[in-house]
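These are my notebook entries on one protein chain.

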Amino acid sequence: MTRSRRRIPALLLMLAAVPPLAVQAAHADTPGRQHDRHIAWKRCAQSPDDAVGGELDRAGAQCAQITVPLDHARPDGRTIKIALSRLKATDRAHRIGTMVLNSGGPAEPTLGMPLETRTYLKQVASRFDLIGLDPRFVGRSTPLDCGWPIGLWLRSAGSDRAGFDRQVAFQRDLAERCRRGQGDVLPYVTTRDTARDIDLVRRALGERKISFLGYSYGAYLGAVYTQMFPGRTDRVVLDSAGDPRTYGPRLMQGTEDEAEHALRAWASWAAEHHDVYGLGQTRRQVLATVRRITDTAAERPLKVGPYLVDEHALPQIIYVGSAADRPADRAEFASTVRVLNEAANGRAATPNEQLDGLLAFLLTSANSQYGSAAAAIICGDRAAPRDPETYWNDVQRSRSRHPLFGPLKNNIWPCAFWPGSPREQPTRIGNPTPALIVSATGDAATTYQGGKAMHRLMTGSRLLTLDAVAHGIYGEYGDPCVDAKVNTYLATRTLPPGDERCPAIGRR
């Protein structure tokens with residue numbers, strides 16, 4: 001659901017999209033109107049140990065908070081704060097404009113993203129003001145925290161009905177915690193409201209148009225913005241975009257094949273490195289090792305350092321770890337599986353750095369704010385089926401073909417018990433906005449078929465395909481072909497004449 005762990009949906013009539021802002025927008029965009037004076041820019045570091053803020057300060061960035069309506073239909077009502085950072089263009093003579101960034105999630109903080117994006121942009125970085133914007137209730141914006149005992153709700157239904165029933169109770173409790181603690185704001189934690197916030201930022205910066213770079217869920221957010229605010233974007237890059245029609249509480253459903261393909265590809269790599277990791281000399285043997293680990297977890301939780309990893313959490317760990325094909329990623333996951341194998345065999349198992357971070361994220365309350373906000377966005381954007389039997393039947397149908405990933409991808413989420421109904425219908429994407437959509441053929445989260453669907457719905461777009469197992473591509477995967485094509489578009493605003501393809505680095 002997140003980049004490198006990473007996620008992703010969508011024509012309401014344009015007038016219906018932004019009724020409360022129509023009059024304000026016309027006034028804000030009059031020639032010569034400047035709003036930047038309303039943003040009180042200051043240093044970013046909030047304390048001596050604020051690593052992100054300190055790095056932004058050293059790079060010459062500025063930070064600020066702006067006030068936006070909780071409910072955009074009531075602009076004079078209750079307000080919240082949106083945190084943003086700005087890394088200004090250094091080549092002011094050739095400045096292109098402002099680029100708003102989103103790193104996905106949903107609910108991944110974006111404040112520090114200008115730092116990494118600057119390196120991806122290379123020479124063209126000097127021509128953009130880069131804006132890292134923490135969406136409402138994310139990061140340093142007004143927070144939302146339901147007080148969850150875990151950081152992320154993604155779990156497998158388990159091996160039997162008793163396990164599924166435990167999941168029903170678990171997910172119901174998460175939703176109830178949000179209803180009790182944050183029920184008054186939950187109706188306003190939506191993608192459409194974040195798009196409205198972005199347009200307020202655009203106006204406050206005095207920009208007629210903004211450029212946008214978004215990954216995974218950020219690609220969906222960018223598409224929603226283009227739909228709600230037509231004509232207000234310049235250059236748009238949507239990386240690892242999914243099908244906007246399927247975004248919502250069941251966005252993982254139907255992606256089992258891609259997850260299986262990624263796991264098999266990793267198993268082939270691990271077999272070639274059996275002398276290092278000892279997981280099996282053939283792909284079949286490596287997959288058998290994984291199966292023994294999961295079977296053991298179904299009988300008893302695996303003791304991994306201070307953590308207990310049960311049959312509900314383990315499939316998510318396998319899914320996340322196998323979803324990238326760079327050698328470093330595959331080696332990291334092989335180390336993780338080696339640790340899990342030790343635990344399954346009853347031996348002392350100490351998690352490596354990657355596994356320790358993931359287990360802390362999944363199993364402890366340290367990242368409750370992240371999971372709370374992510375669930376609120378997804379559950380607030382689209383209604384989920386309410387009857388647990390719907391999910392049980394889907395789990396059972398998928399189990400025979402996908403015994404590992406079927407119960408994970410079809411399991412019930414807290415959205416099934418979310419208080420109330422979504423305030424608005426999901427945005428239906430369908431517009432001619434020029435955009436470059438970047439998609440990987442082996443993406444196990446926002447699948448290649450989903451990227452192609454976004455491309456068809458955004459009729460002015462071009463599709464740039466990478467032959468790889470990857471999620472989060474431009475600048476992150478390290479493919480020079482993709483990076484060069486994206487930077488050429490950002491520098492020139494000229495899309496390729498047709499769709500283009502980059503072969504995986506190892507096959508060139």
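**Entry 1: disulfides.** I numbered the bonded cysteines of the protein in sequence order and read the pairing as 1-2, 3-4, 5-6, 7-8. My search of the whole structure found four disulfides, a disulfide being a pair of cysteine sulfur atoms within 2.5 Å. I note that the model is predicted, that local features need pLDDT of at least 70, that side-chain atom pairs count only at pLDDT 80 or more, and that totals for chains, interfaces and linings use all residues. Residues are numbered from 1 along each chain as its sequence is written, and side-chain values use heavy atoms, with hydrogens and water left out.

I looked up Cys 44 and Cys 63, and their sulfur atoms are 2.1 Å apart in a disulfide. This link is right-handed, with 100 degrees about the S-S bond. It connects distant parts of the chain, 19 residues apart: Cys 44 is in the loop between helix H2 (22-28) and helix H3 (51-58), and Cys 63 is in strand E1 (residues 62-69). Helices (H or I, at least four residues) and strands (E, at least two) are DSSP runs, numbered from the N terminus. Cys 44 and Cys 63 are buried, where buried means under 20% relative accessible area, exposed over 50% and partly exposed in between (1.4 Å probe, protein chains only).

I then took Cys 146 and Cys 178, which form a disulfide with sulfur atoms 2.1 Å apart. The torsion about their S-S bond is about 105 degrees, so I recorded the disulfide as right-handed. Because Cys 146 lies in the loop between strand E4 (128-134) and helix H5 (161-182) and Cys 178 lies in helix H5, the pair ties together parts that are 32 residues apart in sequence. I found both Cys 146 and Cys 178 buried.

Cys 481 is joined to Cys 502 by a disulfide, S to S 1.9 Å. I recorded this link as left-handed, with -70 degrees about the S-S bond. Cys 481 and Cys 502 are both buried.

**Entry 2: cores.** Which residues touch the most other members of the largest nonpolar core? I listed Trp 153, Leu 238, Trp 266, Leu 302, Val 304 and Tyr 319, out of 125 residues. A nonpolar core is a set of buried Ala, Val, Leu, Ile, Met, Phe, Trp, Tyr and Cys residues joined through side-chain atoms within 4.5 Å. Another core, of 38 residues, lies apart from the largest one and has Cys 63, Ala 440, Ile 473 and Tyr 477 among its residues.

I checked the contacts (heavy atoms within 4.5 Å) of Leu 302. Not counting residues up to four places away in sequence, Leu 302 touches residues including Ile 293, Tyr 307, Leu 314 and Leu 340.

**Entry 3: His 455.** I placed His 455 in helix H17 (residues 448-457). Leaving aside neighbours within four places in sequence, His 455 is in contact with Ile 437, Ser 461, Arg 462, Leu 463 and Asp 499.

**Entry 4: helices H8 and H12.** I found that the axes of helix H8 (residues 256-272) and helix H12 (residues 327-344) come within 10 Å and cross at roughly 85 degrees. Axes are lines fitted to C-alpha atoms, for helices over the stretch in contact, and angles run from 0 to 180 degrees between N-to-C directions. H8 and H12 are therefore roughly perpendicular to each other, the class for 65 to 115 degrees, with under 35 roughly parallel, over 145 roughly antiparallel and the rest oblique. Leu 263, Ala 265, Trp 266 and Trp 269 in H8 meet residues of H12 including Arg 330, Phe 333 and Val 337.
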